[in-house]
Amino acid sequence: MDLKSGYPFWAVRNGLMHAFPPLEKDLNCEVLVVGGGISGALIADELCAHGHDVALIEQRDIGWGSTAASTALLQYEIDTHLIDLAQRYGEDAAVLAYQACAEAIPAICKVAAPFRDVDCHRMASLYYASKRGHQAVLAEECALRAKHGFDVRWLDSEAVQAEYGIRAPGAILSALAARIDPYRLTYRLLMRLHTRGCGVYDRTVLDTLTPTPRGVTATTLGGARIRARHVVLATGYAGQRWLKPSVARNRSSYAFITDPIHQDLLGPLRETMAWESARPYLYLRSTGDHRLLIGGEDDAIDLPARRDRRVESKTGKLLKKATKLFPHLPLQPAFSWGGTFAETHDGLPFFGPHPQWGPRVLFAMAYGGNGITYSMIGAGLLRAGIERRRHPLAELFGFGRLR
């Protein structure tokens with residue numbers, strides 16, 4: 001599955017950081033993680049850190065799937081508003097999901113702390129109303145978050161203009177957000193696991209899975225056989241090929257990154273990511289080398305050739321919107337790209353077993369705009385399942401909510 005188009009910045013900037021060997025012989029392990037992107041890396045790291053015998057396989061080079069195209073905005077704010085989740089699942093469940101995302105951000109920063117070159121940096125998040133008609137909804141959203149202890153502040157139009165130079169009817173300013181280089185963190189985690197004796201294999205394609213009551217046998221296209229007690233399918237947006245029917249719809253999103261911009265010109269954007277209430281939404285955030293990463297212009301295209309052809313025109317539209325928002329900034333695109341992402345019906349992920357495969361095959365589908373944040377939550381959720389412990393989000397983030 002071709003998951004990206006153009007020139008994703010992380011892969012260009014970092015290159016191929018390490019070549020892992022392909023799996024060429026049979027293997028036994030407790031948990032087989034399938035997928036060498038940021039989700040697989042976080043899950044494998046969590047399991048190995050708690051004493052589990054883990055092996056990981058990836059069909060491409062490590063990090064070369066959707067992770068390379070990720071824009072890596074680490075937010076607790078789910079694409080579905082808290083007020084809408086509360087109407088669907090009840091206020092307690094909705095708050096639980098938001099609180100888990102809030103707790104995941106410092107957890108990711110803790111995981112990244114030993115690696116000083118992954119551009120992990122805490123930020124704020126400005127969620128502004130694109131239209132006057134959106135103001136009341138955002139104000140209600142802000143009030144419900146504040147009620148449940150989230151560190152938020154409502155900015156009226158004058159405050160948004162004065163503090164950020166954005167003309168908007170109002171905005172929610174959240175104190176909790178972060179940024180990261182997801183491609184580099186993926187490599188750093190898996191290189192460390194490999195050094196510690198964990199099996200990490202790239203260019204190894206999973207062919208079949210045969211679950212039994214006591215374990216799972218996986219075979220690769222190269223003929224290797226892997227026997228494991230559990231298999232975690234962290235194959236990103238390609239994961240739906242293992243399920244009938246699919247549980248999300250694949251779409252395409254687009255982004256570009258600028259040349260470095262002087263810090264004085266960036267002003268508050270150095271420490272605050274911004275995104276709008278329109279759907280699809282425009283978003284932007286800075287990097288450690290003072291570039292702006294600008295994305296959006298999502299569409300329903302899931303054909304690589306058509307997505308390839310749209311990168312240039314989508315970049316032009318993003319540039320036009322961002323320039324209108326910040327006319328004083330020199331927003332010269334340095335690299336631009338498009339990538340596949342998936343949306344669920346409610347903006348929540350899926351983690352855990354599916355009836356089609358039984359209890360030994362676990363899915364890690366960190367779909368939506370909170371992919372990396374969800375992956376951090378999913379790492380703990382899946383570990384709890386493997387260790388036969390209850391997890392408070394197992395039902396809400398499981399396939400049972402489809403019933």
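**Burial, salt bridges and backbone geometry in a predicted model**

Ser39 (S39) is found in helix α2 of a structure that is a predicted model. With a relative accessible area of 16%, S39 is buried, because buried means under 20% relative accessible area. When its neighbours within four places in sequence are left aside, S39 is in contact with A234, A366 and S375.

Leaving aside the neighbours within four places in sequence, the contacts of G295 are Y254, A255, Y281, L282, Y283 and L318. The separation of G295 from R188 was also computed: the two are 107 residues apart in sequence, and their C-alpha atoms are 26 Å apart in space.

The overall architecture is considered next. The secondary structure of the protein comes to 10 helices and 18 strands. Its radius of gyration is 21 Å, close to the 22 Å that the globule rule gives for 403 residues, so the protein is as compact as a globular protein of that length. Along the principal axes, the C-alpha trace spans about 65 × 45 × 40 Å. Of the 403 residues, 59% count as buried. Among the contacts with a separation of 6 or more, 76% are accounted for by residues 24 or more positions apart.

A search of the whole structure finds 23 salt bridges. One of them is formed by R192 and D45, whose closest N and O atoms are 2.9 Å apart. This pair links distant parts of the chain, since R192 is in helix α7 (residues 182–195) and D45 is in helix α2 (residues 38–49), 147 residues apart. Helix α2 is also the element in which S39 is found. Both R192 and D45 are buried.

The side chains of R249 and E343 likewise meet in a salt bridge, with an N to O distance of 3.1 Å. This pair too links distant parts of the chain: R249 is in strand β12 (residues 249–258), E343 is in strand β16 (residues 333–343), and the two are 94 residues apart. At 24% relative accessibility, E343 counts as partly exposed, because that class lies in between the limits of 20% for buried and 50% for exposed.

E343 also forms a salt bridge with R251, and here the closest N and O atoms are 3.6 Å apart. R251 lies in strand β12 and E343 in strand β16, so that distant parts of the chain, 92 residues apart, are again linked. R251 has a relative accessibility of 13% and therefore counts as buried. Elsewhere, salt bridges that share partners join E297, D299, R310, K314 and K321 into one network.

A cis peptide bond joins K244 and P245, with omega at about -5°. P245 is placed in the loop between β11 (225–233) and β12. The peptide bond from R279 to P280 is cis as well, with omega near -5°. P280 is found in the loop between β13 (272–276) and β14 (283–286).

Positive phi values in residues other than glycine include that of D119, which is near 55°. D119 lies in the loop between α4 (91–112) and β5 (121–128). The relative accessible area of D119 is 21%, so D119 is partly exposed. R203 is not a glycine either, yet has a positive phi of about 50°. R203 lies in the loop between β8 (199–201) and β9 (206–212). With a relative accessible area of 43%, R203 is partly exposed.

Key
Residues numbered from 1 in each chain as written. Predicted model: local features only at pLDDT ≥ 70, side-chain atom pairs only at ≥ 80, totals over all residues. Heavy atoms only, no water. Salt bridge = Lys/Arg side-chain N within 4 Å of Asp/Glu carboxyl O. Helix = DSSP H or I, 4+ residues; strand = E, 2+ residues; numbered from the N terminus. Buried < 20%, exposed > 50% of the residue type's maximum accessible area, 1.4 Å probe, protein only. Rg over C-alpha atoms; globule rule 2.2 N^0.38 Å. Contact = heavy atoms within 4.5 Å.
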